[in-house]
Amino acid sequence: MESKPKNTATRVSPVPDASDLNAVEQRFLALEQSFALNRPKEDVAKLRTAFEFARDQHVGQSRRSGESYIFHPIAVAQILVDMNMDLVCVETALLHDVVEDTGITIEEIRKRFGNEVAICVDGVTKLGKIQLYSREEQQAESVRKMLLAMVGDIRVILVKLSDRLHNLRTIGSLSREKQTRIGQETLDIYAPIAHRLGMGKVRAELEDLAFGAIDPEGQADILAQIEHKRKASLEFLEGIQKSVEQKLARESIPARVECRLKRPYSVYLKLKKQKIPIEQVYDLLALRIISDSLKNCYGALGVIHNEWPPIPGRIKDFIAMPRQNGYQSLHTSVMGPGGQAFEVQIRTEEMHRLAEEGVAAHWKYKEGRKGKSTEEQYVNWMRQLIEWQQEMRDPGEFMSTLKVDLYSDEVYVFTPKGKVVVLPRDSTPVDFAYYIHSDVGNACVGSKVNNRIVQLKYSLKNGDVVEVLTQPGHMPSKDWLGFVKTSKARNKIKQIINATERSKSIEIGEKYFEKEARRLSISISKLDEGILAQVLEDYGLSKLEDIFANLGYGKLEARPILMRFAPERAHEEEVKEELAHAAIVAPEAVDKNLKNLALRVKGMNDVLIYRAICCNPIPGEAIVGYITRGKGVAVHSLSCSNVQNLMYEVERKIDVEWAKTGVESFDVQISITTDDRPGMLAQFTQVLFSENSNIRSLEARGDEERGGDGAVVDMKIEVRDKRQLEKILSALRRIPGVRDIERKS
């Protein structure tokens, strides 16, 4: 991860322009005034000291846009001042790039600005200072350190979120590739963290800006659809708003009523998930009622339902059962005049403040660092997450598990004694069992939900009463990895399976090693210890048992290892090998499905390797190899849904790469959900023709899953690589009437 994507500061001039210095000073004065207004008891002089120090260190540096670099830390600091954050946090914002981009050390920061500022600056700086072997490892370790720093001091992540927010606001000067990478990283990590911290406003802006960075054409299309309906939508909402205000006043319920249109990224997700036209997005239009008390919130809900019929299944009480990030509100969707649906959110002023600002709201009236109870609810989930992932060293596994944990919506279930348990949406009884205790999860053999026996992969629903059935001595099944949702359950299951699989692999490898040794007339009991030590060192292993395990997994071959102990047999074996090669069948007789010339294992030749049919990766995609017993190396896309379940055996993971070959094209299966109208297929084929792609097969049918509204077109097309596929999908999405496109394989 490039955790500081704006760190493209370069020295351009030792003497800044006078007008530039004046602009910098004016920008800081505005910051200083707003901070003094928000925090009259803080020492504003310290803020200027931090600013002048940062300005002097960044002198001559510029961003990609050509703007003087110091404008960036000032802008980050202003975002935090607008949140009413304290002096330490704002000082950290001004200084957050000094250690990374100049020769200043953390010790010097500590001497000049105190220990708290140094700890926070260090917490942010470490994120961009990790030099590892790959971008994947760098991203995983950077995020891991960020989470640890965040648990120690919540201000670290608040600076980081503000830093990312300003980067996205000014991302236009970066290349398309960097914009896409930064945008995706924001949607994967930073926006979900903002959501977990209850920072609704920050999360919303991060998501919309990231959406524009990743898919500017898609965002423009959504905005055009919203804009097309804006005038009529606002007229409708204003009429509803006046009606609601009158009815609440009649019932003596004090409240202010706001109206809004749904955000572009939220609309995009809804359209993508449900594959519906924008007309069927019930919460595109929304009213927000903010009252003075809990009683009046429920009273307002009664007024709304008395006037307009609620849409079944759309009533949610987050006041009685708050979300894990502390969010509280009543949600309902109703059918308004003319059959126009709209959403209503009802909350108190305090609930509204917390929904918008989350953890940052607690700092508005907070002086100093006395007590941490107000922010505990926001970091407890992160402490649990770190605890569950403490032993997860594989970077790909860590990141994929983290994304699941950050993105998850909640489901609220009960123990038989009535205790509320909050789990990720679509969690199963196995997740529930591991939430209760690891031993309960390991011994789980069945479950009752609402007094009825259910399958272990049953998706829990809000309000379910869950009872776990256990059997002493029972061990978890590998199949559970296919449906569990929580990282705690997944990690505990993997630990036990890994131990079991390793012991099996050691047994298989030892038998294989002994068999090959007998064939070569080598006695295992008399292996030279010096040679063995050298072999272990060469393979990066620590004991003979590790060799057996790798042999069992298929990562090593026995004969090359054994030949190290009997070099006199080497020539004899080479002769035999040449004779054997002479008798091998022609290469064209090899199963084409298991021989893929476009792929290779890094550092190895002549390894049987093939693309996994579940995800069918194409050149340009990030890939990972998985050693299968007897079939060679299966190559999956890193985004494949099966990767996480397969990689519980880290020993079977192997580095693979795309090879330069003459392979011209790869088949990709896509499914297009679209309006059912004449001419659609002709437009699809025109796009593919213009992008120099060929259709291998095509099938069109009615969209029965959505009541026959629309159509689904399944196509197998030829592409050269990921870039060509993305161009094709982007062009297809721009066709009017296309609701969603999904790559099947």
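Modeller: The model is a predicted one. A salt bridge joins arginine 39 to glutamate 42, with 3.8 Å between the closest N and O atoms.

Biologist: Are arginine 39 and glutamate 42 buried or exposed?

Modeller: The term buried applies to residues under 20% relative accessible area. By that criterion arginine 39 and glutamate 42 have one and the same label, and for both residues it is buried.

Biologist: Glutamate 691 also forms a salt bridge; what is its partner, and how far apart are the closest N and O atoms?

Modeller: Glutamate 691 sits in the loop between helix 26 and strand 20, and the other residue of the pair belongs to helix 27 (residues 722-733), 36 residues apart, so that distant parts of the chain are linked. The partner is lysine 727, and the closest N and O atoms are 3.7 Å apart.

Biologist: Which parts of the chain does the salt bridge of glutamate 32 with arginine 48 tie together?

Modeller: The closest N and O atoms of glutamate 32 and arginine 48 are 3.6 Å apart, and glutamate 32 counts as buried at 16% relative accessibility. Since the two residues lie in separate helices, the pair ties together parts that are 16 residues apart in sequence: helix 1 (residues 18-38) and helix 2 (residues 44-57).

Biologist: How many salt bridges does the structure hold, and which residues do shared partners join into one network?

Modeller: The structure holds 33 salt bridges.

Biologist: How many residues of helix 3 are buried, and which are they?

Modeller: Helix 3 spans residues 71-82 and reaches 16 Å from its first C-alpha to its last, close to the 16 Å expected for twelve residues. The helix is mostly covered, with ten of its twelve residues buried. These are Phe71, His72, Pro73, Ile74, Ala75, Val76, Ala77, Ile79, Leu80 and Val81.

Biologist: Which residue with a positive phi follows helix 3?

Modeller: The phi value in question is near 70°. The residue that carries it is asparagine 84.

Biologist: In the open sheet of four strands, which strands stand at the edges, and why is one side of each left without a neighbour?

Modeller: The strand order is 20-21-19-22, and the pairing is antiparallel.

Biologist: What is the bridge partner of valine 668 in strand 21?

Modeller: Strand 19 (residues 666-674) pairs with strand 21 (residues 711-719) in the antiparallel sense over nine bridges. Within strand 21, the bridge partner of valine 668 is isoleucine 717.

Biologist: Which helix lies across strand 19, strand 20, strand 21 and strand 22?

Modeller: The helix in question runs at about 15° to strand 21 and comprises residues 680-690. It is helix 26.

Biologist: What percentage of the residues of the chain count as buried?

Modeller: The chain comprises 27 helices and 22 strands. Of its 745 residues, the share that counts as buried is 50%.

Terms used: Residues numbered from 1 in each chain as written. Predicted model: local features only at pLDDT ≥ 70, side-chain atom pairs only at ≥ 80, totals over all residues. Heavy atoms only, no water. Pairing = 2+ DSSP bridges. Contact = heavy atoms within 4.5 Å. Axes fitted to C-alpha atoms, helices over the stretch in contact; angles between N-to-C directions. Salt bridge = Lys/Arg side-chain N within 4 Å of Asp/Glu carboxyl O. Buried < 20%, exposed > 50% of the residue type's maximum accessible area, 1.4 Å probe, protein only. Expected span 1.5 Å × (residues − 1).
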